[in-house]
Amino acid sequence: MSRTHVPVLAGELIDLTAPAPGETAVDCTFGAGGHARLVADRLGPAGTLVCIDRDPAAEERFEEFAREAPCETRFLRLDYADGLALLRDEGLGADIVYLDLGVSSIQVDTRERGFSYSYDAPLDMRMDPEQDLDARTIVNEWEERRLARLFRRYGEDPNGQRIAREIVRRRKRGSIDTTGELVAAIEAALPAAARRSFGGGHPAKRVFQAVRIAVNSELESLERALPLAWELLRADGRLAAISFHSLEDRRVKRFLAERARGCVCPPDFPVCVCGRTPEAELLTARALAPTPGEVAQNPRAKSGRLRGARKLPAGEAA
Ligand SMILES: C[S@@+](CC[C@H](N)C(=O)[O-])C[C@H]1O[C@@H](n2cnc3c(N)ncnc32)[C@H](O)[C@@H]1O
């Protein structure tokens, strides 16, 4: 069981955003501080790094990081969307905002937090252990139709309906309290052919992803955070996001593409009447993926996708 988190696409993230001495950066997902350390080194003594994470264990790691950080630091234990709103209300101007989405390896590998289908543990999956909603509540209380929709939408699991039916059948006999019991229900729901056809992936992977996303309102937080992060950026500021599945990546891609778009008048209009000019220059025409070397060293990096954009100063066209 690992108690560290290896930062994903770290070199690419630093190259893309080029943190410079004296700048102000916001790391919305401090985690184990892997990216934060690299950024802090670049910001230097005149720079400021605001770190956000909703997990109290991340706050403890931040205390240690802050003691040695070469720049000014601050921590907000909040949902990053709330953290960004607070910083906006304080009038902070940021040069860079980072989002490294999802859970850290430390969270996944801390058995009792119930994020992993590899260990038997209480069904929990809360990044913020003080929030009320946990995985056990979703699995035991949501109606079959709602569960099926969750597994299909957030897990992109074609067997979502079958799995939801099996969960509801089993919980009539007694509640499903552990990750092991959830894995058993998923496996029982799948025909043998489906169990074999997961391309090496675990058959519970998609359902666990779906439940985790719902427990932590991950997509809602991301949707709220992106415009707030953009608002916080000064001219020439950079926004960089690392996603780990298509539901996240699609949202980041759409958001950045929308900012980078200019005139939206129909092509047969002789002159532009919308007056829209691009606000962003895309720094990644396509999402950057980890190299095979990185994936060999850190298999969890495999699905990481990095996108970024620069905020154009008013009047500058991309
Ligand atoms: C992938 S890890 C970040 C790892 C970090 N970049 C590093 O190099 O160590 C994601 C972290 O973001 C936090 N997180 C995820 N969603 C969050 C949200 N909506 N608000 C605040 N923190 C969040 C998780 O608790 C976790 O610690």
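Begin with Arg 88, which counts as partly exposed because its relative accessibility is 32%; buried means under 20% relative accessible area, exposed over 50%, and partly exposed in between (1.4 Å probe, protein chains only). This is a predicted model, in which local features need pLDDT of at least 70 and side-chain atom pairs count only at pLDDT 80 or more, while totals for chains, interfaces and linings use all residues. Residues are numbered from 1 along each chain as its sequence is written, and side-chain values use heavy atoms, with hydrogens and water left out.

Glu 231 lies in helix H12 and Arg 88 in helix H4 (residues 80-90), so the pair ties together parts that are 143 residues apart in sequence. Helices (H or I, at least four residues) and strands (E, at least two) are DSSP runs, numbered from the N terminus. Glu 231 is partly exposed, at 46% relative accessible area.

Remain in helix H12 (residues 218-232) and select Trp 230, then Phe 255 in helix H13 (residues 246-260). The structure holds 7 aromatic pairs; rings of Phe, Tyr and Trp (its six-membered ring) pair if their centres lie within 6.5 Å, and planes under 30 degrees apart count as stacked, over 60 as edge-to-face and the rest as tilted. Trp 230 and Phe 255 have ring centres 6.4 Å apart and planes at 80°, so this pair is edge-to-face. Trp 230 is buried, with a relative accessible area of 4%, and Phe 255 is likewise buried at 11%.

Move to Arg 310 and Asp 236, joined by a salt bridge whose closest N and O atoms are 2.3 Å apart. Arg 310 belongs to strand S7 (residues 305-311) and Asp 236 to strand S5 (residues 233-243), a link between distant parts of the chain, 74 residues apart. Arg 310 counts as buried at 16% relative accessibility, whereas Asp 236 is partly exposed at 35%.

Then select Glu 166 and Arg 169, whose side chains meet in a salt bridge (2.9 Å, N to O). Both lie in helix H8 (residues 160-171), 3 residues apart, about one turn of the helix.

Finish with Phe 30, Phe 62, Phe 65 and Phe 75, which form one aromatic cluster. Within this selection, Phe 30 and Phe 65 are both buried.

How values were computed. A salt bridge is a side-chain nitrogen of Lys or Arg within 4 Å of a carboxyl oxygen of Asp or Glu.
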